[in-house]
Every structure is written in structure tokens, then in C-alpha cells.
Amino acid sequence: MTKTALVCGAGGFIGSHLVKRLKREGFWVRGVDLKFPPFAETEADDFAIGDLRDQYFCRQVADRKFDEVYQLAADMGGAGYIFTGEHDADVMHNSATINLNMLDACQKRNVRGMFYSSSACMYPEHNQLDPNNPNCAEDSAYPANPDSEYGWEKLFSERLYLAYNRNYGMRNRVARYHNIFGPEGTWEGGKEKAPAAVCRKVAMATNGGDVEIWGDGTQTRSFLYIEECLEGTIRLTRSDFEGPVNVGSEEMVTINQLVDIVAEIAGKKVHKRHIPGPLGVRGRNSDNRLIGQKLGWKPSASLRSGLEKTYEWIERQVHRNTKKAAA
């Protein structure tokens with residue numbers, strides 16, 4: 001019998017890739033989002049356009065007992081969206097409402113369990129002040145002190161999904177994503193993450209030209225390529241471990257180093273120009289001891305291999321837009 005999956009946030013970057021992965025595995029997939037994927041036709045068998053802040057719409061899309069449900073929908077973006085403070089109320093209200101509605105709708109439909117994508121942004125700021133030694137082990141989450149309202153909402157929703165496990169016998173799974181990147185993600189407009197923003201800036205720069213970086217560029221991060229994110233997501237969903245668990249890379253780099261890698265891929269020399277901007281914590285890196293213990297697997301692909309594919313795709317988008325503007 002064909003297995004079924006519901007993917008909330010299927011019009012977004014990770015959700016649209018997850019739909020493709022599930023289709024390759026033979027699932028019948030329903031995607032749900034405010035919009036269709038912007039860069040490629042959805043491969044979902046059924047796609048419902050609508051607002052998951054609406055309880056009635058949530059009950060409509062959760063109209064059967066799906067084998068797997070992935071809740072990726074959220075109000076989110078890169079540092080330019082999350083850390084300015086201008087969107088805090090919307091981020092907290094929109095994402096919390098989506099999680100409350102979808103969890104309630106699935107529990108009342110007797111869905112066995114859901115996957116929930118939390119974020120490394122829920123880790124306390126005081127453990128991420130040293131860019132060379134951030135502590136993002138799963139058990140370091142408390143006492144809680146995220147540096148953004150986005151992180152606080154993620155922490156609340158983690159607890160919500162785990163409370164439904166305890167009180168309603170669900171088998172929800174919680175992953176903490178660390179900076180997922182790859183082709184067909186947002187690469188302009190203010191919601192793009194650092195790898196996409198850097199690829200765009202380098203692609204648009206002339207050889208020897210300037211690339212702007214927020215801050216001094218010594219802040220550290222790790223970035224996980226989309227295919228490994230999907231592998232970790234699916235392995236966790238089908239495991240006996242509820243999490244929360246990190247799904248990220250342990251290959252930590254400074255933002256300056258990230259620019260150097262992308263420039264090398266592009267075959268360009270660029271001058272880094274540091275300017276004021278929203279930064280987030282000084283250091284963040286995935287701690288993959290727990291995922292290795294519980295799932296017998298952890299991400300292993302190099303940052304450069306993912307950036308090569310991502311840069312190629314973003315460079316094509318930049319050239320296409322340039323041709324359109326010139327026509």
C-alpha cells in the first residue's frame with residue numbers, strides 16, 4: 001500500500017526538497033503552503049494553498065491519517081529579518097499559531113506523530129559568546145536565553161510537541177536545524193541566509209571588486225547542505241528517538257572564511273568590506289555527538305562541496321536577472 005505524507009511549508013526551500021525526496025521513495029505527498037515553490041514546479045501529488053494560522057484550513061489539510069507529517073512552516077528568514085527586531089511580534093505570533101493549529105489538527109485526526117523543525121537559534125546566548133568555542137550540545141539549552149524572539153518561539157514549540165507526546169501518546173520528533181543551504185533557496189530580498197547572500201554578492205562582484213560583510217567577519221557558524229538535512233530529518237522521523245537533536249555540520253568557519261571559499265569557487269579575487277549590520281551570536285556550531293549515538297549517522301559532507309552546487313545555481317539566477325534587466 002502506498003505510504004502518504006503531509007509536508008507543511010512545501011513551498012519553501014527545505015519543504016520543496018523534502019517533497020522531491022519523499023516522491024523518490026514512492027510516497028503520495030500533499031504539500032501545503034502560502035505559495036508554490038518559486039524556483040521549480042512542485043512534485044507533490046496534491047498541493048493546498050492556504051494559511052496554516054487558520055484552524056479550519058489546518059483541519060482540511062489534515063483530513064486523513066498520514067503515515068508521516070513534516071511541520072516546516074514558519075515565519076523566518078536570515079539575520080537581516082530575524083535580528084533587526086522589526087518582525088518579532090509577527091514571527092512569534094505566526095509561527096506559534098501554525099504549530100498550535102497543526103499539532104491540534106493532527107492529534108484529533110489520530111496522526112501517530114509529526115516531525116518538527118526547530119532551530120539552533122534556541123540555544124542560550126551566553127554559551128555562544130566565544131566564536132572559537134560555542135557550546136551547542138543539546139543539554140545546554142537550559143537555563144534558556146535565546147538571543148532572538150525567533151529562538152524563544154522555537155523553544156516554546158519544541159516543548160509543545162514533546163508535551164503532546166507525554167499527554168496524548170504521540171510520537172513527535174524534534175530536530176534543531178543549523179543553517180541549511182543549497183540550490184533553490186531564497187537568495188535575495190532580505191530573507192536569505194548567509195551562504196546564499198555571500199554567493200549572490202560574489203556572483204555580482206567584479207574580479208577585484210568589493211563584497212560587503214556585516215560586522216568584522218570573525219563571527220563563526222556551520223552550514224549544512226540540504227541533502228544531508230533531509231537525510232537527518234527522515235532518519236529521525238523514522239527512529240525511536242524523539243529528540244531534540246542537532247541536525248547540522250560540525251565544520252565551523254568564520255564569515256570571512258565563507259567568503260574566501262565562495263570567491264575561490266567563483267575564480268575571483270574580492271575585497272571584503274566590513275559594514276555595520278545585524279549579527280546574532282558570536283559563535284555557533286553543531287555538536288553531533290548525540291545524533292551519532294542515537295541515529296548511528298551524522299552529516300559528513302564538506303562545506304565546499306555544497307557551496308559549489310549552490311554557487312553554480314545562484315550565479316545562473318544572477319545572470320538571468322541581469323539579462324532580463326538589460327532586455
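Analyst: A word on terms first: buried means under 20% relative accessible area, exposed means over 50%, and partly exposed is in between, with a 1.4 Å probe and protein chains only. This is a predicted model, where local features need pLDDT of at least 70, side-chain atom pairs count only at pLDDT 80 or more, and totals for chains, interfaces and linings use all residues. Residues are numbered from 1 along each chain as its sequence is written, and side-chain values use heavy atoms, with hydrogens and water left out.

User: What share of the residues in the protein is buried?

Analyst: The count runs over the 327 residues of the protein. Using the cut-off of under 20%, the buried share comes to 56%.

User: What radius of gyration does the protein have, and why does it agree with a compact globule?

Analyst: The radius is taken over C-alpha atoms, and the globule rule is 2.2 Å times the number of residues to the power 0.38. The C-alpha trace spans about 60 × 50 × 40 Å along its principal axes. With 327 residues the rule gives a value near 20 Å, so the protein agrees with it at 19 Å.

User: How many helices and strands are there?

Analyst: Helices (H or I, at least four residues) and strands (E, at least two) are DSSP runs, numbered from the N terminus. On that basis the protein has 10 helices and 13 strands.

User: Among contacts between residues at least 6 apart in sequence, what percentage join residues at least 24 apart?

Analyst: Contact here means heavy atoms within 4.5 Å. Taking the contacts between residues at least 6 apart, the part that joins residues at least 24 apart is 78%.

User: Are α8 and α10 oblique or roughly parallel?

Analyst: Axes are lines fitted to C-alpha atoms, for helices over the stretch in contact, and angles run from 0 to 180 degrees between N-to-C directions. Under 35 degrees counts as roughly parallel, over 145 as roughly antiparallel, 65 to 115 as roughly perpendicular and the rest as oblique. Helix α8 (residues 255-266) packs on helix α10 (residues 303-326) at about 55°, with the axes 10 Å apart. That makes α8, relative to α10, oblique.

User: Which residues of α10 does α8 meet?

Analyst: From α8 come Leu258, Ile261, Val262, Glu264, Ile265 and Ala266. Their partners in α10 are Leu303, Arg304, Leu307, Glu308 and Tyr311.

User: How do the residues of that contact of α8 with α10 divide?

Analyst: Ala, Val, Leu, Ile, Met, Phe, Trp, Tyr, Cys and Pro count as nonpolar, Asp, Glu, Lys and Arg as charged, and the others, Gly among them, as polar. For α8 with α10 that gives 8 nonpolar, no polar and 3 charged.

User: What handedness does the crossing of α6 and α10 have?

Analyst: Helix α6 (residues 194-204) packs on α10 at about 55°, with axes 9 Å apart. A crossing is left-handed if the near helix is turned anticlockwise from the far one by less than a right angle, and right-handed if clockwise. For α6 and α10 the crossing is right-handed.

User: What do the buried residues of α6 pack against?

Analyst: Helix α6 is mostly covered, with 8 of its 11 residues buried. Among them are Ala197, Val198 and Cys199. The elements they pack against are β7, β8 (210-214), α8 and α10.

User: Are α1 and α7 oblique or roughly perpendicular to each other?

Analyst: Helix α1 (residues 13-24) and α7 pack at about 65°, with their axes 10 Å apart. The pair is therefore roughly perpendicular.

User: Is Asn256 buried or exposed?

Analyst: Asn256 sits in helix α8. Leaving aside neighbours within four places in sequence, its contacts include Ile213, Asp216 and His274. Because its relative accessibility is 15%, Asn256 counts as buried.

User: Which residue does a cis peptide bond join to Tyr142?

Analyst: Most residues other than glycine have a negative phi, and most peptide bonds are trans. Here omega is about 5°.

User: What is the phi of Asn179?

Analyst: Asn179 lies in the loop between β6 (173-177) and β7 (180-181). Asn179 counts as partly exposed because its relative accessibility is 21%. Its phi is positive, in a residue other than glycine, and is near 50°.
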